[in-house]
Amino acid sequence: MNFLYILASLGHFSQGIASLAGQPLYYYLREHLGISVSTIMLIGSLTNLPWMLKPLYGFASDLWPIFGYRRKSYIFLSAIISSVMALVIGFSPIVSLSLLITFLLIYAVGQAGDNVGTNGLVIEQGVKDGSVSRLQSVQWASIGVATVLTGVLGGYISEHFDYHFAYLIIAIFPASIAVLSLYLKEEKVYKHTSKVLVSKYTNIREFFVKLNNKQLILSAAFLFLFWFSPSLGTPLMDKMRTELHFSKIWIGWLDTIGSIFGIIGALLYFKYGKGIDVKKWLYYSVILNAVSTFAYLWLTPHSILVYSVVFSVSGQFTHLLMLGMMAYICPVGTEATTFALLTAIVNFASFCSSLAGAKLFALFGYNGLVIASGLTTFLCLPFVPFLQVKNRV
């Protein structure tokens with residue numbers, strides 16, 4: 001179990017440290033190439049497409065072991081892909097935008113595959129012994145620790161280097177996951193157990209029957225609508241640079257401050273997540289999400305600092321609440337696939353949010369985008385009364 005905590009933590013730390021390139025890449029696209037905010041949002045959506053293919057990775061991992069392993073091999077191979085592509089980006093000279101996007105897509109393929117394999121282990125073990133909330137809290141606290149580092153460091157790299165240097169640092173962590181995965185103790189699926197394997201994992205018809213249940217569909221719809229709100233991220237970054245005239249270092253510090261308080265949110269969930277009334281908190285979460293969005297209509301140097309503190313705590317707590325809900329509705333025998341499917345739905349919602357945000361920002365500007373984003377948050381409320389969610393005990 002301790003090894004699983006380490007592997008899960010490192011996997012999410014690697015996911016978090018990937019944001020080290022976020023600021024340098026944004027400044028390269030916006031200030032060096034002169035690409036518009038809306039186009040940068042579209043590029044961000046495109047390079048996140050592999051995260052919407054997570055059900056395919058989960059399906060393969062659940063049904064078709066590689067070298068006899070259902071998780072270990074997938075984690076190793078995916079981590080190698082991520083590390084190699086990060087090195088390719090880091091060592092490549094200035095390339096065309098289309099080639100850069102291709103490299104980023106392949107990097108994301110590996111990152112998403114590693115995430116699916118690790119989450120499959122977490123859900124299988126966590127649901128079995130009731131440690132899901134703790135494991136997921138540790139995972140997301142690890143992302144928080146990583147983004148604490150990437151905020152200021154990303155700003156420093158933006159000032160003194162460029163995105164190439166960021167990817168050379170990023171490459172270290174998936175390589176570490178690949179090495180660590182070799183020591184993962186996983187029961188091997190031998191050929192003489194093929195009949196059991198067929199009955200449990202490779203009867204595809206039965207497999208999809210498990211996924212075809214009302215609660216899973218309702219939960220998926222709720223999660224999509226909860227995460228679908230036109231994205232503010234890139235427009236907010238542009239506003240901080242062009243109107244509030246924040247330095248790259250200070251924007252990095254804001255990210256770091258938010259990440260520190262996000263860790264506090266994860267720790268609060270770690271401590272109190274088990275005894276929570278999930279259904280009641282689903283209502284609270286929707287309201288908190290809407291309020292935190294509308295607050296960005298009032299934007300000053302001081303208010304942004306307050307938002308980074310308050311909304312990071314509440315946002316991380318809410319995020320982990322949703323992940324816990326997702327874990328407990330996964331049918332037995334489909335853990336990796338179902339969790340990957342649900343997270344792919346969330347990623348698809350984020351993809352749609354970026355597209356909608358780019359369009360609305362172009363049409364109505366920053367304030368119109370914020371209002372639309374806040375209002376769409378309430379679309380998921382009608383689903384809550386019909387969700388059969390379990391309280392953590």
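**Reading a buried aspartate and a cavity**

Tutor: Let's begin with aspartate 114, which counts as buried because its relative accessibility is 6%. Buried means under 20% relative accessible area, exposed over 50%, and partly exposed in between (1.4 Å probe, protein chains only). Keep in mind that this is a predicted model, where local features need pLDDT of at least 70, side-chain atom pairs count only at pLDDT 80 or more, and totals for chains, interfaces and linings use all residues. Residues are numbered from 1 along each chain as its sequence is written, and side-chain values use heavy atoms, with hydrogens and water left out.

Student: Where does aspartate 114 lie?

Tutor: Aspartate 114 is part of helix 6, residues 97-129. Helices (H or I, at least four residues) and strands (E, at least two) are DSSP runs, numbered from the N terminus. This protein has 17 helices and zero strands.

Student: Which residues is aspartate 114 in contact with, leaving aside its neighbours within four places in sequence?

Tutor: Contact means heavy atoms within 4.5 Å. With those neighbours left aside, aspartate 114 is in contact with Gly11, Ile75, Ser78, Ala79 and Ile177. Ile75, Ser78 and Ala79 are among the buried residues of helix 5.

Student: How do I read the length of helix 5?

Tutor: The expected span of a helix is 1.5 Å times one less than its number of residues. Helix 5 (residues 72-91) has 20 residues and reaches 29 Å from its first C-alpha to its last, close to the expected 28 Å.

Student: Which residues line the second largest cavity?

Tutor: Asp114 is one of them, and the lining also includes Gly11, Ala79 and Ile177. Helix 1 (2-17), helix 5, helix 6 and helix 9 (172-181) each supply at least two lining residues.

Key:
On a 1 Å grid over the protein atoms alone, a cavity is a set of points where a 1.4 Å probe fits but cannot get out, and a pocket is an open set with protein on both sides within 12 Å along at least five of seven lines; lining residues have an atom within 4 Å of a point.
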